[in-house]
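This briefing is intended for reading alongside the sequence and the structure. The points are grouped by topic.

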Amino acid sequence: MITTFAPHAKQVWFAFLDLFLPTRCLRCGEILDATVGLCHDCWQPLTFLQGPCCQCCGLPFASDIGEAGLCAACIAKAPAFAQARAALLYNDHSSPLILAFKYNDRTDAAMPFAQWMASAGHTLLERAEVIIPVPLHWTRLVKRRYNQAALLAHSLSKLSGVPNLPHGLKRIKPTPKLGRLSPSQRKRLLAGAFDISKAASAHIEGKTVLLVDDVYTTGITLEACSKILLAAGASQVLVLTLCRRLRSDVSGLQVTEPSETLTNNF
Ligand SMILES: [Zn+2]
Ligand SMILES: [Zn+2]
């Protein structure tokens, strides 16, 4: 009785709140009919990454160069992770969504975002045996109150049934915001920043791990986490992120229209 009553009570409570607190578009604030959502004008310019890409790191290509096509960086040095995919291009249209999710308590966006990620990374999810989010250092977690990558990992686990290990990785060294730092500065700061929790080791050994984060920027954080997971015995690390930031040397990206399967359920 309790398990059936609780969700019902929750729905009634949210319906009650909706009477007084209309849902607003996350990006522009326009009042919406849906319980969560983006207005048409904010949804339309988003760029979903469904076109040709580097088969390893998922870097979008302007044209298809075949199934074995790799970007220059992956040819020069293969990443520690086997494959990475992202749902959305990080740009002026998508960044307000990510920032609201990350810093402004729009945690209700986690499930719709995870649905986009599950669509973009369905071949990765099918192979994954355990999901692990990129962790925050506890000092930042206290300040921000939640880890956006952990929310995405939790929602992906609910969607796919793949077990989630929210504390599988630990961030043992606080690092400043990496946004404006060069790749070499990032690498230096992230050295020794991550570790595996003892309780998680048994669930990682011999498993294909899906590492989850909100944004793939340079890939250095994801690389550092992948190396720790592989050292702990993971057979393979796959990476799934909500957004992908392009390196400055990439040009000629084709804008991919949202597919019919990606509805505005945000
Ligand atoms: Zn809007
Ligand atoms: Zn690549």
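Where is the place of Asn147? Asn147 sits in the loop between α7 (138-144) and α8 (148-160). The model described here is predicted. Its chain has 11 helices and six strands, and 44% of the 266 residues count as buried.

**Overall chain**

- Among contacts between residues at least 6 apart in sequence, 74% join residues at least 24 apart.
- The chain exposes about 13,900 Å², and carbon and sulfur atoms supply 57% of that area.

- A polar atom of the Asn147 side chain lies 3.1 Å from the backbone oxygen of Val134.
- When neighbours within four places in sequence are left aside, Asn147 is in contact with Val134, Pro135, Leu136 and Leu141.

- Strand β5 (residues 208-216) pairs with β2 in the parallel sense, over four bridges.
- Within this pairing, Val130 stands opposite Val209 in β5.

**Aromatic residues**

- The whole structure contains six aromatic pairs.
- One of them joins Trp43 and Phe48, with ring centres 5.3 Å apart; the planes meet at 50 degrees, so this pair is tilted.
- Trp43 also forms a tilted aromatic pair with Trp116, at 5.7 Å centre to centre and with 55 degrees between the planes.
- The pair of Trp43 and Trp116 links distant parts of the chain: Trp43 belongs to helix α2 (residues 40-43) and Trp116 to helix α5 (residues 110-120), 73 residues apart.
- Trp43 is buried, with a relative accessible area of 11%.
- Phe48 counts as buried at 1% relative accessibility, and Trp116 likewise counts as buried at 1%.
- Trp43, Phe48, Phe101, Phe113 and Trp116 form one aromatic cluster.

**A charge over a ring**

- Arg244 lies over the face of Tyr216, at 3.7 Å from the ring centre.

How values were computed: Residues are numbered from 1 along each chain as its sequence is written. Chains are lettered from A and ligands numbered from 1 in the order in which they are written. This is a predicted model: local features need pLDDT of at least 70, side-chain atom pairs count only at pLDDT 80 or more; totals for chains, interfaces and linings use all residues. Side-chain values use heavy atoms; hydrogens and water are left out. Two strands pair if DSSP finds at least two bridges between them. Helices (H or I, at least four residues) and strands (E, at least two) are DSSP runs, numbered from the N terminus. Buried means under 20% relative accessible area, exposed over 50%, partly exposed in between (1.4 Å probe, protein chains only). Contact means heavy atoms within 4.5 Å. Accessible areas come from the Shrake-Rupley method with a 1.4 Å probe; for residues, only the protein chains shown count as cover. A polar contact is a pair of N or O atoms within 3.5 Å; within protein, one must be able to donate a hydrogen and the other to accept it, and residues adjacent in sequence count only if both atoms are side-chain atoms. Rings of Phe, Tyr and Trp (its six-membered ring) pair if their centres lie within 6.5 Å; planes under 30 degrees apart count as stacked, over 60 as edge-to-face and the rest as tilted. A charge sits over a ring if NZ of Lys or CZ of Arg is within 6 Å of the ring centre and within 35 degrees of the ring normal.
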